[in-house]
Amino acid sequence: MTKLSGPMLPPASGGLPKQAVVLLHGYGSDGNDLIGLAPHWQSVLPDAVFISPNGPDQCRQLASGFQWFDVSFEADRLARRQIGVVEARPVLVEFLDDLWRQSGIAPENTILAGFSQGAMMALHVGLSLDTPLMGIIAFSGAFLPPDGFGTAQRARTPVCLVHGDMDGVVDPEHSADADVALRQAGYDVSYHVSKGVAHGIAPDGLDFATQFIARVADK
């Protein structure tokens with residue numbers, strides 16, 4: 001199985017890490033993209049290590065980037081996303097298991113965050129675990145429910161959803177639908193729509209996610 005790796009920033013406090021924030025990039029990008037979120041969140045989590053692994057495969061359409069799953073031939077986008085996240089799940093789960101085992105950081109002290117395709121992975125994988133995480137943050141993503149979603153054995157990790165209402169790449173309704181599905185299943189959901197924003201992370205969305213981190217870190 002592919003071993004994930006990518007850029008990492010140690011705790012701003014200079015001490016041993018007590019929390020971990022795993023950042024999952026979008027299609028055709030790499031770990032250097034989302035590691036840029038770390039400086040915005042280090043003041044809230046000064047003892048956290050930030051890790052932004054590259055996706056498991058080279059991107060077919062953008063040779064310099066990576067992907068969590070292929071979308072270059074998708075006739076049915078929903079079906080392809082469903083197949084893709086399921087196929088990529090074991091690689092990310094192994095990465096998380098290795099991180100927890102090697103660092104001693106507990107799942108409940110871990111935030112899984114992603115953008116676009118990375119957000120789909122964060123939601124699917126994070127909500128497939130039996131152990132709760134500190135939180136899941138999904139920017140401009142979609143929710144593909146894992147097996148057993150909504151059942152008693154699945155942990156109820158708090159979720160933050162952020163989406164631009166002018167997104168022409170991933171329909172904003174996907175986050176709206178995720179908000180409804182997660183709330184109905186009993187999850188603690190924080191949902192924010194960035195007005196006039198296309199496929200990206202706007203300052204107001206980033207601030208909203210920062211407030212979410214501050215809240216779940218205090219629990």
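**Entry 1: a loop glycine**

I started with glycine 104, which I found in the loop between helix H3 (77-103) and strand S6 (110-115). I note that the model is a predicted one. Is glycine 104 buried or exposed? Its relative accessible area is 62%. I call it exposed because that value lies over the 50% cut-off.

I then looked up alanine 209. Glycine 104 and alanine 209 are 105 residues apart in sequence. From C-alpha to C-alpha, I read 25 Å between them in space.

**Entry 2: strand S3**

Next I turned to strand S3, residues 48-51. Which way do its side chains go? Ala48 and Phe50 point one way. Val49 and Ile51 point the other way. I found all of them buried.

**Entry 3: partners of S3**

I looked up strand S1, residues 8-9, beside S3. The two run antiparallel, and 2 bridges join them. Which residue of S3 is the bridge partner of leucine 9? I found phenylalanine 50. Phe50 is also one of the buried residues I listed for S3.

Strand S2, residues 19-24, came next. S2 and S3 run parallel. I noted 4 bridges joining them. Here glutamine 19 has alanine 48 as its bridge partner in S3. Ala48 points the way Phe50 does.

**Entry 4: helix H4**

Among the buried residues are Gln117, Met120, Met121, Leu123, His124 and Val125.

Terms used: Residues numbered from 1 in each chain as written. Predicted model: local features only at pLDDT ≥ 70, side-chain atom pairs only at ≥ 80, totals over all residues. Heavy atoms only, no water. Buried < 20%, exposed > 50% of the residue type's maximum accessible area, 1.4 Å probe, protein only. Pairing = 2+ DSSP bridges.
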